[in-house]
Amino acid sequence: WSLCIISTPLIHWTSRSKQSAPARDQFQEELVIRPLHSGDIYASFQFRTLWDIDFLQERQKVSHYRLFPKSLGQVLSKFSVRELHISFTQGFWRTMQWGQPFIPSPPGAELWVWFHDTVSDVDGNWKELTNVLSGIFCASLNFIDLTNTVQPSASFKPLGLGNATDHRFLRYATLPREIVCTENLTPWKKLLPCGSKAGLSVLLKSEKLFHSSFHSQAVHIRPVCQDEQCTSKAWELRQTLNVVFDLYTSSQGKKEWSLFKMFSRTLTEACPLATSSKIYVDITDNPELNPVTPLLSQAVVLGDRRTYSVFDLTRAETFGQLCSLNLLLRWKGDSDMLRPLLHAERYVAGFGLQTGEIHTVIYNNHPYRAFPVLLMDSVPWYLQLYIHTLTVTSKSRDNKPSYIHYQPAKDRHRPHLLEMLIQLPPHSMTEVTVQFERALLKWTEYTPDPNHGFYVGSSVVSALVPSMVAMNTNFTQDQPLFSSFVPVKEESSYFVRVYTEPLLVNLPTPDFSMPYNVICLTCTVVAVGYGSFYNLLTRTFQVDEPSLPLEKRLANLIRRIRGVPLLA
Amino acid sequence: MAALQLEKQRVRNAVLAIAAVVIVVGIPLWWKTTETYRAWLPYSEISELDSLQLQLSVDIEVVFSRGTLTPEQQKKVPLSHVNVKEHQIDAKTGLRYKYETRYRTATIMEEDALNQPTAAEADLSLHMLSENSCGSVVVYVIPESSALMPEDVKAYVGQRRTVLLRSPPFRSSWSLKEVLSNLDVEVEQVVSTMSFGHQDIVAALSNRVRMTKVTKESMADSMRAIKSSPGYEITFSLLNPDPKSHSLHWDIEGAVQSYIQPLLNKLAPIANFSVDSQILYYAVLGVNPRFDNSVSAYTLSADSLSHVINPVEARLGSNAASSNPVLNFLLYVPDAHHSPLYIRDHSKREVPSNAFHSPRWGGIMVYNVNEMYGPEAERPVDININMAKVMGVFLAQLRLMLGVQRTHPPTGFVLQSPGSAGLADWELDRLLWSRSVENIATASTTITSLAQLLDQIGNIVINDNVAQQVSSAVTSLQSAVAELEAGNLAFALHYSREAVLASERAFFDPSLLHLLYFPDDQKFAIYIPLFLPMCVPIVLSLLKTVSEAKQRLADKQAKSD
């Protein structure tokens with residue numbers, strides 16, 4: 001008991017502010033819990049480390065780390081990275097049932113990096129960077145090479161400071177087949193200053209996190225403004241983890257959850273290194289929440305005004321008498337979910353193993369506003385796109401894209417890149433189709449288990465969606481983390497990125513014992529041909545004397561026994 | 001009958017023609033198309049390197065100051081004298097030490113310098129007079145009665161490459177030859193202190209030579225030192241297992257600048273160093289310290305220290321940006337409930353520095369903070385770490401790791417403390433000698449084993465890149481050996497480093513692995529459907545032709561008889 005009182009984070013906070021020289025780095029942690037319309041629970045962790053330092057400044061070598069992880073800092077300065085976004089996702093985010101996620105990510109692994117414009121050999125840096133990152137995150141990022149890397153011209157703009165427009169310094173790659181599991185979570189947790197020992201990160205138990213419908217963990221590094229005036233730069237490291245628990249089916253249809261049920265842990269303290277540590281629970285639909293908190297907060301996120309109960313873990317009274325916080329929430333009513341205004345899906349059509357057709361369907365659910373979207377497609381070279389068959393139709397009428405950027409593939413060197421700016425009419429469905437032919441690979445190019453099929457990464461739809469409510473454009477420090485990731489530039493719209501499903505395409509697959517069979521068959525054919533030829537050349541042909549018929553031979557046999565002269 | 005003969009002749013010719021086509025066209029074609037590409041390697045030079053005869057040449061300058069030689073002796077002083085010692089280490093490795101001694105009398109300026117009141121000042125002013133090249137040694141012989149050094153001191157080794165040697169007692173009746181030979185013994189001791197001892201060189205050859213005749217101590221020294229490498233990463237980590245009660249501040253940036261950087265600047269010719277630091281929270285040691293009632297403190301016994309490192313190492317993380325070896329230095333501040341914590345050695349005494357090191361890995365120091373605050377201090381307590389104390393320990397450990405051995409001078413020798421640079425010039429020389437020899441040994445072993453491997457497995461593709469690396473390694477090695485022989489220590493180290501780099505690049509080239517998995521028996525199993533039906537008739541008919549020819553020859557002989 002007494003221990004708990006002594007080590008209250010409140011006292012910790014006062015002593016920290018007393019410190020004479022303020023630390024140049026700070027750490028914040030946050031958990032947002034939102035009950036979903038479908039009965040699932042969406043939990044989103046965000047950990048942010050801010051460091052007032054410039055990695056890329058010449059002469060000043062950064063080598064002394066406090067809260068910022070050393071491994072990532074070394075990577076940033078060695079490869080002159082300006083912005084780095086990496087995500088690992090298991091499962092597919094169902095936009096129509098769950099709404100928009102705070103930070104979207106495609107299934108598998110996604111990596112996009114803006115290099116600083118002083119880098120001369122971007123491809124070399126990119127290759128080395130992917131190898132180093134695959135070591136840091138225990139993932140197969142080393143399979144990223146030129147054949148699955150693209151340089152999108154418009155879809156991936158820097159999210160941090162600076163308006164770089166030269167997409168030569170941008171690299172984007174996805175690995176849709178990447179399977180995310182515990183071995184990726186452990187190094188991700190190791191980057192947190194408190195590890196998994198204190199604060200919100202104690203909830204990150206892999207046996208629960210991976211027993212879920214959707215799991216996505218990401219690292220975003222970018223330069224940001226240090227203060228509102230933006231006089232100096234700071235580096236922001238945002239580690240996010242989004243998970244959707246399917247508690248509705250596992251608890252026999254009861255719509256209730258608790259921290260303990262979800263994570264098999266309760267909270268006892270904030271991370272002592274964190275300047276802010278908060279839990280936000282979405283109570284817009286008036287659920288029954290226990291314990292109650294007087295702190296309420298309203299935020300406009302993704303065009304929707306939501307109300308949150310706030311639990312501040314740095315205050316002792318949050319944990320109550322038991323020194324432990326276990327949130328409990330029950331909700332009944334089938335509330336109306338705000339229909340996502342933008343939604344996209346994709347499938348492959350056609351039959352046989354020669355040709356096919358990719359269909360991408362984009363929905364604009366806004367009742368009366370049209371808005372433009374950027375569609376980006378990166379297709380591997382072994383699906384040879386026939387770009388002349390590209391059609392875009394909305395409401396069964398041809399919809400001519402106002403901007404098309406197409407970079408054709410080179411066999412074994414680079415994938416197709418197709419970017420289009422399409423105007424979506426209000427309340428409409430827009431279909432983009434393109435035909436392709438399947439290439440025949442060399443026998444060493446097939447992946448293990450080639451009959452499973454080949455994955456094609458998600459296409460990316462990015463848009464500024466008109467908002468129903470006014471967005472919050474002023475930038476303040478005490479904004480919750482989940483609403484401050486993508487800067488909002490105007491009140492009337494918000495930025496959304498939607499990833500479609502990855503495709504699974506079958507390629508013509510040979511029988512892999514074929515090379516040996518071919519060698520044997522060829523050798524045999526050659527040998528037979530050679531043998532007859534050789535025989536023809538080296539045999540002497542003579543007229544054979546016909547042998548006696550059978551009855552004469554029998555007669556001769558008898559005659560020999562009798563001692564009579566033989567027949568001729 | 002004649003027609004039959006003619007037909008037989010035609011068949012014989014056809015068989016011979018087919019055999020000729022198969023042998024002249026078919027076999028070379030098959031050989032050429034299935035051959036693996038193997039670039040040319042300098043095998044003969046590599047086999048020369050396999051038996052390594054190293055010669056180490058040291059330049060020694062002996063300067064007689066006034067009052068050490070009689071005038072007639074001075075006139076007869078020879079200009080130079082070469083002394084060669086040979087050691088055969090094993091069948092393939094030999095060492096030759098060549099001590100080239102030049103004698104001269106002191107100049108007036110040097111006499112002035114030697115008249116300074118203390119040895120340290122004399123050393124400094126001698127250094128101002130002339131700069132000595134890397135690896136050389138200058139011995140100033142001063143009169144027996146000189147007051148420059150205390151009575152019982154025989155020799156004073158300065159911060160640079162000079163040594164003041166008290167002249168041994170001479171009898172005036174001695175000839176110059178006797179004097180010089182008497183001096184030689186002393187000079188040899190000086191050289192083995194300031195340049196290299198035989199044991200150190202043999203220890204540096206440990207990559208080539210089985211260690212049998214090496215003393216346990218120099219063996220331990222060479223095992224402790226991290227292997228020679230073109231670069232090192234030095235990482236300082238502050239482990240704070242209890243951030244709730246301790247808020248630790250360390251001025252690592254300033255401490256590195258003032259304590260570590262001077263040493264590293266001095267060591268720049270040996271390798272590139274990069275230094276970084278991090279703070280790890282909630283990092284704990286792998287063992288639970290035992291509470292000792294008698295001293296009311298927690299203790300770690302020497303036996304349990306080996307279990308400390310592994311759990312911590314998982315948190316340290318490797319350097320993502322380079323593949324150089326990492327030296328870790330950890331400062332561990334025990335949590336409030338396990339303080340104070342002391343390390344005990346094998347004889348159960350507390351270690352005064354409260355630190356220990358692990359060979360080739362780094363060092364760990366325990367820093368107790370429990371006395372810096374009272375029990376009712378509000379948590380977390382702000383604590384500033386005394387970096388002078390910490391860096392003293394880490395610097396000593398770093399010197400050990402880098403192979404700057406503690407020299408054990410012979411009795412009567414005084415070593416001046418290395419001063420702010422943390423390393424005397426002659427200590428650097430010692431390091432350069434042993435590193436050059438070690439690099440040469442490593443590179444020659446790597447290259448010979450690579451050549452042996454490539455020779456044994458004919459399936460390995462040797463591409464031009466590998467061949468080029470091998471030949472550049474061989475040339476660098478040859479230059480390194482030659483430079484050592486000529487006594488140019490700095491160049492020898494430079495070339496030996498290049499040789500190591502090139503030989504490792506060649507050895508670990510990924511292209512060497514590509515075709516390893518097609519053994520000959522499997523290849524021929526695939527070829528059999530082609531080879532068997534083709535070769536059997538040819539061979540059989542050739543045999544038949546030969547036997548017929550023999551028969552005919554025998555018939556002819558019988559006829560002529």
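A residue is called buried here when its relative accessible area is under 20%, exposed when that value is over 50%, and partly exposed in between, as calculated with a 1.4 Å probe and the protein chains only. The structure is a predicted model, in which local features need pLDDT of at least 70 and side-chain atom pairs count only at pLDDT 80 or more, whereas totals for chains, interfaces and linings use all residues. Residues are numbered from 1 along each chain as its sequence is written, chains are lettered from A and ligands numbered from 1 in the order in which they are written, and side-chain values use heavy atoms, with hydrogens and water left out.

**Aromatic pairs**

Rings of Phe, Tyr and Trp (for Trp, its six-membered ring) are taken as a pair if their centres lie within 6.5 Å, and the pair counts as stacked with planes under 30 degrees apart, as edge-to-face over 60, and as tilted for the rest. By this rule, the count over all chains comes to 34 aromatic pairs. A tilted pair is formed by A:Trp51 and A:Phe68, with 5.6 Å from centre to centre and 35° between the planes. This pair links distant parts of the chain, since A:Trp51 belongs to strand S2 (residues 41-51) of chain A and A:Phe68 to the loop between S2 and helix H3 (70-78) of chain A, 17 residues apart. Both A:Trp51 and A:Phe68 are buried.

In chain B, a stacked pair is formed by B:Tyr527 and B:Phe531, with 5.2 Å from centre to centre and 10° between the planes. Both residues lie in helix H15 (residues 520-560) of chain B, four residues apart, which is about one turn of the helix; helices are DSSP runs of H or I with at least four residues, strands are runs of E with at least two, and numbering starts from the N terminus. B:Tyr527 counts as buried because its relative accessibility is 18%, whereas B:Phe531, at 25%, counts as partly exposed.

Ring pairs also link A:Tyr42, A:Trp93, A:Trp98, A:Phe102, A:Phe214, A:Tyr280, A:Tyr308 and A:Phe482 into a cluster.

A salt bridge is a side-chain nitrogen of Lys or Arg within 4 Å of a carboxyl oxygen of Asp or Glu, and the structure holds 24 of them over all chains.

| Salt bridge | N to O distance |
|---|---|
| A:Arg48 and A:Glu236 | 2.9 Å |
| A:Lys78 and A:Glu128 | 3.4 Å |
| A:Glu256 and A:Arg330 | 2.8 Å |

A:Arg48 is buried with a relative accessible area of 9%, and A:Glu236 is buried with a relative accessible area of 1%.

A:Lys78 lies in helix H3 and A:Glu128 in helix H5 (residues 122-137) of chain A, so this pair ties together parts that are 50 residues apart in sequence. A:Lys78 is partly exposed, with a relative accessible area of 39%, and A:Glu128 is partly exposed, with a relative accessible area of 39%.

A:Glu256 in strand S9 (residues 256-258) and A:Arg330 in strand S14 (residues 328-330) of chain A are 74 residues apart, and their pair links distant parts of the chain. A:Glu256 is buried at 18%, while A:Arg330, at 38% relative accessibility, counts as partly exposed.

Five strands of chain B form an open sheet with mixed pairing, in the order S9-S7-S12-S15-S14; two strands pair if DSSP finds at least two bridges between them. Strand S9 (272-281) and strand S14 (355-358) of chain B stand at the edges, and each has a single partner strand, so one side of each is left without a neighbour in the sheet. Strand S7 (residues 231-240) of chain B runs parallel to strand S12 (residues 326-332) of chain B, and seven bridges join the two. B:Phe236 has B:Phe329, in S12(B), as its bridge partner.
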